[in-house]
Amino acid sequence: MKLLPKPLTIAEIAEFVGGEAIGALDYSVTGVADLADARPTDAVFLENRKYTDQAAMAQAGCLFLTPELKETPCAAKAKILVEEPRAAFAKLVRLIDDHGRPKVLPTHSAKASIHGKATLGPNVTIGDFCVIERGAAIGEHTIIMPQVYIGVNAKIGRNCLIYPQVVIRDECMIGDGVIIHSGAVIGADGFGFLTDKKTGHHTKIPQIGNVIIEAGCEIGANVTIDRGAVGSTVIKSGTQIDNLVQIGHNAKLGRDCVVVSQTGIAGSATVGNNVILAGQAGVAGHLTIGDGAIITAQSGVMSDVPAKAVLFGTPGRPHREAFKLQALFNRLPELFDRVKALDKKIGSATED
Amino acid sequence: MKLLPKPLTIAEIAEFVGGEAIGALDYSVTGVADLADARPTDAVFLENRKYTDQAAMAQAGCLFLTPELKETPCAAKAKILVEEPRAAFAKLVRLIDDHGRPKVLPTHSAKASIHGKATLGPNVTIGDFCVIERGAAIGEHTIIMPQVYIGVNAKIGRNCLIYPQVVIRDECMIGDGVIIHSGAVIGADGFGFLTDKKTGHHTKIPQIGNVIIEAGCEIGANVTIDRGAVGSTVIKSGTQIDNLVQIGHNAKLGRDCVVVSQTGIAGSATVGNNVILAGQAGVAGHLTIGDGAIITAQSGVMSDVPAKAVLFGTPGRPHREAFKLQALFNRLPELFDRVKALDKKIGSATED
Amino acid sequence: MKLLPKPLTIAEIAEFVGGEAIGALDYSVTGVADLADARPTDAVFLENRKYTDQAAMAQAGCLFLTPELKETPCAAKAKILVEEPRAAFAKLVRLIDDHGRPKVLPTHSAKASIHGKATLGPNVTIGDFCVIERGAAIGEHTIIMPQVYIGVNAKIGRNCLIYPQVVIRDECMIGDGVIIHSGAVIGADGFGFLTDKKTGHHTKIPQIGNVIIEAGCEIGANVTIDRGAVGSTVIKSGTQIDNLVQIGHNAKLGRDCVVVSQTGIAGSATVGNNVILAGQAGVAGHLTIGDGAIITAQSGVMSDVPAKAVLFGTPGRPHREAFKLQALFNRLPELFDRVKALDKKIGSATED
C-alpha cells in the first residue's frame, strides 16, 4: 500500500484541501482507501448518497463529504467538509503518487535501438529494447518505457509518458504531456481498399496520412488509432480515451472529449468538443457529432447528432424518447391483451 | 498434426477414459480431430444432436458419445460410450499436448533485462528481450516467454505461463498457475479524472492501486485489466477471461466466472461467483451481479442483477420476458393492422 | 506531406488514370488530399453527392469525378472524368506510396534472436528485438518489423509485411502477401474448458490446433485470432480484417470477406465468401453465414444466415423487416394513444 510522504493530522489535511474539519483534529492519517477497504489510518470520501450506509460503517481516519451531507452517520475519527470531496481526496492521492513514483534518472538504455538520425531532447528516458527509428524526435523530459516502437519521422512532444509496448508508427505526431498506455497502436493503416465488382477481390489503398494527438490527451491500453488515408486522423487537446477504443482513419475528435472503453468511431467521423461516448458505443463513418453531445453505452450513432443531444440505443434516439419507448415496449403484452379484448368486444358488438 | 505419444487401440482408449467400447477393439488410433476433419486414425466426439449427421459421415477411428446416443449411425471403426464425451476427448487431447509440448530447460535469457533487485524462484524461465523491473518476484517453475514486461514490485506466482508480449505493470499480483495470453495488459491506469465544470478540462487522478489475479485464472489475448484507483481490481480464483475483454478499475470478479470475448466490465462493478458474461456484454459501473447469473451476448447491464438471473438485451431484461417481448415486437405490424381495423369499425360504428 | 515522385500535369494525370481532363491541362499537381484539406497543388476526388458542396469549395489542383457529375460546380483548376474516381485517386496514392516508402535493404538485425533451426528465405528482413523460434520458416522478401514474435514451427509466406509487436504463435501458417498490423495476436489458445457441474470449477482443454491465414489477407491492429482446439481456425484468401476483431477457435472465414473493427466471431462459426460484417457485429458459435451476406453494425447473429441476406439488430433480422419494425417502434406512443381512445369509445359504446 502506498502511503503519504508523512502522516498528516486531520487539521493539516483540512487546511491542505481547504475544508472544514469536525472531530479529532490531532488524529493522524497515513493513507487513502475506498470506503469498503478503509483502515483507521485512511482518508476516504463520500460522493454519492448511494454509499451513505458504507460511509456509516467505514472505520476510517477521516471522511471527506459535502456540507449538505454533514449529518451523515460516520464511524471515522473525523469529517472534513468540502464542496468537492472527490477532488479533495484526489489531492491526497496526488501527494502519495508524487512521493511514491520512483525518481528515474533520464538515461538512454544501452539495450535500446536508437537510430543515429533520431533526435532526443534533454532529459529523455529511453527504456530497454525500445526501437527509435530514423528521423524520430522526442521532446525533453519525455519517458519512453521499455519495448516501445517509435517509427520513422514520428514526433513525440515534451513531458510525455509512453508505457511499455506502445507502437507509434511513422510520421505520427504526439503533443506535449500526452500519456499512452501499453499495447496502444497509433498510426496503423486505415481500413481502405477498392473492391472489384466482378470478382469481389479487394485491393489495398495505401494509407499515406498520419495521426495527430494534441497536448494533454491520454490514450488507454490496447487502443487503436488509424492513420489517415491521406491527411490526418486528429485527436484534439485534452481528450481522454479509455482502453480498447477504435478510432478509424481521418476521424477528427474535438477537445476534452471522453471516450469510454471499447467504443468504436468509424472513418471520417467528426466529433465536437466535450463529447462523451460511453462504453461500447459505435459511431458510423462520415458523421458529425455536435459539441457536448452524450452517447450512452452500447448506443449506435447512424446519423448526425446535434450539439448537447443525449442519445440512447441502436439506432440512437434522444434518450427521453428512447426511455419512453422502452417503457412502452415493456407494456407490449398489456397492449396485445387490450387489443385482443377490443377485438372480442367489437366482434360481438358488430355481430349484434 | 500433433499425434498421441504412441498409437492406442480402441480397447486401451476405452479403458483410459473409463468408457465402453463397441466395434473394432484392436484398431489403433493415433490422433484426434473435429468431426468435419476426421481421418480413419482419429478419435472424435459427438456432444450435440445437431451434429449426428456429421457423426454418421465421419470416417473416424472412434467416436465418443453418450450411452443415450448409442444407436447413432456412425462411420467410425468403433464407438466408445461415456457419460461426458467431450471430457473423454479432452483426456486424449491432454495426452497429446503433454507429449508435444517442448521440454524447455529453465533458463534466464542473456538477452533479457533482469534487474538486480528482482527475485526469481527456482526453475524460472525468462525469455529473450523480457524486462523484469526492480523488486519484481517470480515464483518457481513459472515460464515468462519473450518480450514480456514485468513492472516494479510485481509478484508472479508459481507455475504460471506468461505468453509473449504481455505487460504486467508495477505492484500487480498474479497467483499460482495463472496463464496470461499475448498482448494482455494488466494494471494500466484506470480511467479516472476530475472535470472542471467551467472549462470542461479533465485533470488526471493518479491511479495508485493495483490488480490482483488469484490462482488458476486464465486471461485472454489483448485483454485489459486496469489497476484500482486506490485499492485493488480483483479477479478471484479460477475465473476464465477470453480475448479483448475490458475490466475497469476497482472491479471485483468472483470465483470461476466465465467472461467471453469483447465484454466490458466498468469500474467498481462487483460480479459474484460462477457468473457467465457472454460475448460483447457490457456491465455499467458500481453494480452488483449475483452468483451464478448469466448475461447473454451483447446485453447491457444497467442495474443490479440477482443471483442466477438470466439477462438478455439492452437494457438487460430477464430472458423469458425479453424473448416474449421480442416475439411481440415481431408482431407489431399485425398489431398496427388490427388497431387500424378497429379504428375503422369503431369509426363507422360510432358514426352510425 | 508525402508528394508525388515528380509534379504531373493534369493531362499526364488524365492519361495515367485513363480519364478525360477538362480545364487547365498544363497545370501541375504535386500531391493528393481530402476535399476538406485540399491545396491548389492537390488532386482530390468526389465519390458521393453528399460532398458536392465541399467539392465546389475545394481549391484543388484537379478533381476526379464521374461523367454523370460532370457539371458539379468546382473550384479546382481542372476536372478529370473517370468511371471510378476513388480508384483513379488511389492510383495516384499508390504512386506516392511506392515512391515514399524507404527502400530497406533486407537484413537480419544483429539485435534479433533467430533460432539456428529457423529457415529464412532470400531477402528476408528481420527487425530489432524480434524472436524467431525453432523450426519457424519465413518466405522470401518478407519484412518482419521490430519486436515481432514468431513461434515454434510457424510458417510465414513470401512478400508478407509484419508490423512491430505482432505475435504469431507456434505452428500457425500465414500465406503469401499477408499484412499483419501491430498488436495482432495470431494463434493464442481458444477459450475451451470443461466445467465441473458440482464444484463449478473449470479445467482447461489444451488447444492443440493452429491458425491458417491464406494469401492476400490483411489483419488489423490488436486483432486476436485463436488457434483451433484441434484442427485449424481458417481465414481464406483475400479477406480483410479491421482492428480489434476477435475470431474464435475453429472459425472458418471464406474468401474476400470484410470484417470491420470490433466485430466478434465465436468459435466454430462458418462464414462464407464475400461476407461483410460491419463494426461491432457479433456472430454466435457453430453458425453458418452464407456467401455475400451483410451483417450491419452492432448486429448480433444468433442463427444461420442465408446467402446474400442483409441483417440488422440483435437478434439479427432481415434489414427491411428490421427497419419496418423500428419505424413501428417509433410509433408506439401513437399506438398506445389509439388503443386508449378505442377503449374509451368502446367502454362508452358498450355501456350505452
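The model is predicted, with local features requiring pLDDT of at least 70 and side-chain atom pairs counting only at pLDDT 80 or more, while totals for chains, interfaces and linings use all residues. Residues are numbered from 1 along each chain as its sequence is written, chains are lettered from A in the order in which they are written, and side-chain values use heavy atoms, without hydrogens and water.

**Extent of the interface**
- In chain C, 63 residues are in contact with 74 residues of chain A (heavy atoms within 4.5 Å).
- About 5,200 Å² is buried between the two chains, 60% of it on carbon and sulfur atoms; buried area is the accessible area (1.4 Å probe) that two parts lose on being put together, summed over both.

- Two salt bridges are counted between chain C and chain A (a side-chain nitrogen of Lys or Arg within 4 Å of a carboxyl oxygen of Asp or Glu).
- K204(A) forms a salt bridge with E218(C), with the closest N and O atoms 2.8 Å apart.

**The chain C side**
- The elements α3 (85–100), β27 (240–241), β30 (258–259), α4 (319–330) and α5 (332–351) of chain C each supply at least two residues of the side that touches chain A; helices (H or I, at least four residues) and strands (E, at least two) are DSSP runs, numbered from the N terminus.
- The largest share of this side, ten residues, comes from α5(C).

**Domains of chain A**
- The domain assignment, automatic or from a database, gives domain 1 (2–100), domain 2 (166–315) and domain 3 (321–351) in chain A.
- The C-alpha centres of domain 1 and domain 3 of chain A lie 54 Å apart.
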